[in-house]
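Below is a short report on one model. It covers fold content, cores, helix packing and selected loop residues.

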There are 2 protein chains.
Amino acid sequence: MNSSRSDLSEILRQQRVMMSLTLGELAEKSGVSASHLGRIERRERFPSGRILRRLAKPLGFEENELFALAGYLSPTPSSVAEESPAYVGRRLDPYVARMLAQEPVDVQRAVIGILSILKSLAGSMAGERDRQ
Amino acid sequence: MNSSRSDLSEILRQQRVMMSLTLGELAEKSGVSASHLGRIERRERFPSGRILRRLAKPLGFEENELFALAGYLSPTPSSVAEESPAYVGRRLDPYVARMLAQEPVDVQRAVIGILSILKSLAGSMAGERDRQ
DNA sequence: GGGGTGAGTTGCCATTTGGCGAAAAATATG
DNA sequence: CATATTTTTCGCCAAATGGCAACTCACCCC
């Protein structure tokens with residue numbers, strides 16, 4: 001978790017120099033103070049997300065790109081491949097959560113209502129079957 | 001700009017509740033102290049990128065997704081373009097989340113299946129009615 | 001030589017972050 | 001109802017962030 005990932009600071013400075021911006025100009029464009037920028041470039045400070053975000057456009061970066069460079073994002077976001085093993089227990093599946101969250105709350109509640117009806121139905125049917 | 005973009009904090013809390021994790025458990029999984037997590041959820045603290053990143057996987061988020069929700073990234077960077085806005089718009093009712101989380105994952109998924117069937121049914125019925 | 005002028009750096013400080021441990025509030029058990 | 005036990009919140013503190021103003025270091029012109 002160290003700075004060996006080809007150093008955001010270096011990249012920032014290089015990009016700034018390439019666009020032939022001074023610290024002051026970049027400060028003006030980005031709304032981040034020049035002194036802070038300077039310290040970031042020589043890694044005396046580590047920019048928060050807020051700052052990083054303000055720097056992206058003035059330097060011609062995509063925001064995600066910068067975040068990735070900063071190590072905030074993993075280099076390969078890939079996709080939702082590896083999520084199951086941890087959550088098998090009695091947790092709400094993220095996919096399910098996402099789907100349901102798209103519905104209005106009353107629909108969500110109705111779904112729970114239907115579920116409990118089905119469960120009690122299943123319960124009584126099992127009871128009948130057992131009784132026979 | 002405004003922190004009111006549907007409140008990361010709320011989303012974090014809801015997602016945690018959805019997965020029926022306690023602050024302590026999430027703390028353990030994410031390596032962020034429980035007290036800090038608590039304060040983030042009730043927006044007394046605003047998580048840095050580092051913290052946000054640690055929270056993503058334990059909560060079943062894609063990192064970019066979380067960053068987008070936090071307002072660090074612009075709303076539609078690329079990949080997660082379609083699910084984020086919906087997710088941002090509506091939220092999963094905590095009661096519903098609790099109820100569903102008690103069921104095994106396949107039951108949860110079945111519930112979603114039933115819901116989508118009902119929705120498509122309702123859709124086609126509305127279509128027929130309109131046509132007449 | 002003595003002054004500007006523009007760039008980067010440093011000193012200082014208010015504010016925020018984030019962790020640890022204790023208090024308080026909920027929940028579970030008797 | 002009391003009382004363990006878990007879960008959340010609070011108090012406090014060290015460390016980090018980020019801005020302002022002052023400083024240094026060139027370079028240029030007179």
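The report starts with conventions and then works through the chains.

## Basis of the model

This is a predicted model, in which local features need pLDDT of at least 70, side-chain atom pairs count only at pLDDT 80 or more, and totals for chains, interfaces and linings use all residues. Residues are numbered from 1 along each chain as its sequence is written, chains are lettered from A and ligands numbered from 1 in the order in which they are written, and side-chain values use heavy atoms, with hydrogens and water left out.

## Chain A overview

Chain A has seven helices and zero strands. Helices are DSSP runs of H or I with at least four residues, strands are runs of E with at least two, and both are numbered from the N terminus. Along the sequence the pattern reads α-α-α-α-α-α-α.

Chain A has 132 residues, and 36% of them count as buried. Buried means under 20% relative accessible area, exposed means over 50%, and partly exposed lies in between (1.4 Å probe, protein chains only). Take the contacts in chain A between residues at least 6 apart in sequence: 46% of these join residues at least 24 apart. A contact means heavy atoms within 4.5 Å.

## Nonpolar cores

In soluble globular proteins, nonpolar side chains tend to be buried together. A nonpolar core here is a set of buried Ala, Val, Leu, Ile, Met, Phe, Trp, Tyr and Cys residues joined through side-chain atoms within 4.5 Å. The largest such core holds 41 residues. Leu55(A), Leu66(A), Leu55(B) and Leu66(B) touch the most other members. Another core lies apart from it, with ten residues, among them Val96(A), Leu115(A), Val96(B) and Val111(B).

Leu55(B) shows what such a residue touches. Leaving out residues up to four places away in sequence, its contacts are Leu12(B), Leu26(B), Ser30(B), Val32(B), Leu37(B) and Leu66(B).

## Helix H5 of chain B

Helix H5 of chain B spans residues 63-70, and seven of its eight residues are buried, so it is largely enclosed by the rest of the structure. The buried residues are Glu63(B), Asn64(B), Glu65(B), Leu66(B), Phe67(B), Ala68(B) and Leu69(B). Gly71(B) follows H5(B) and has a positive phi, near 85°.

Two packed helices are described by the angle between their axes and the distance between the axes. In chain A, the axes of H2 (residues 23-30) and H3 (residues 34-41) come within 8 Å and cross at roughly 110°. Axes are lines fitted to C-alpha atoms, for helices over the stretch in contact, with angles from 0 to 180 degrees between N-to-C directions. H2(A) and H3(A) are therefore roughly perpendicular. That label covers 65 to 115 degrees; under 35 is roughly parallel, over 145 roughly antiparallel, and the rest oblique. The crossing of H2(A) with H3(A) is right-handed. Right-handed means that the near helix is turned clockwise from the far one by less than a right angle; anticlockwise is left-handed. From H2(A), Leu23(A), Gly24(A), Leu26(A), Ala27(A) and Ser30(A) meet Ala34(A), Leu37(A), Gly38(A) and Glu41(A) in H3(A). By class, this contact has five nonpolar, three polar and one charged residues. Ala, Val, Leu, Ile, Met, Phe, Trp, Tyr, Cys and Pro count as nonpolar, Asp, Glu, Lys and Arg as charged, and the others, Gly among them, as polar.

In chain B, H2 (residues 23-30) packs on H3(B) at about 110°, with the axes 8 Å apart. H2(B) is thus roughly perpendicular to H3(B). The crossing of H2(B) with H3(B) is right-handed. Leu23(B), Gly24(B), Leu26(B), Ala27(B) and Ser30(B) meet Ala34(B), Leu37(B), Gly38(B) and Glu41(B).

## Loop residues and a buried serine

Most residues other than glycine have a negative phi. Arg43(A) has a positive phi near 40°. Arg43(A) sits in the loop between H3 and H4 (49-56) of chain A and is partly exposed at 36% relative accessibility. Arg43(B) also has a positive phi, of about 40°. Arg43(B) lies in the loop between H3 and H4 of chain B and is partly exposed at 39%.

Phe46(B) lies in the loop between H3 (34-41) and H4 (49-56) of chain B. At 63% relative accessibility, Phe46(B) is exposed. Phe46(B) and Leu8(B) are 38 residues apart in sequence and 9.3 Å apart in space, C-alpha to C-alpha.

Ser9(B) belongs to helix H1 (residues 8-18) of chain B. Ser9(B) is buried, at 7% relative accessibility. Not counting residues up to four places away in sequence, Ser9(B) touches Ile40(B), Glu41(B) and Arg43(B).
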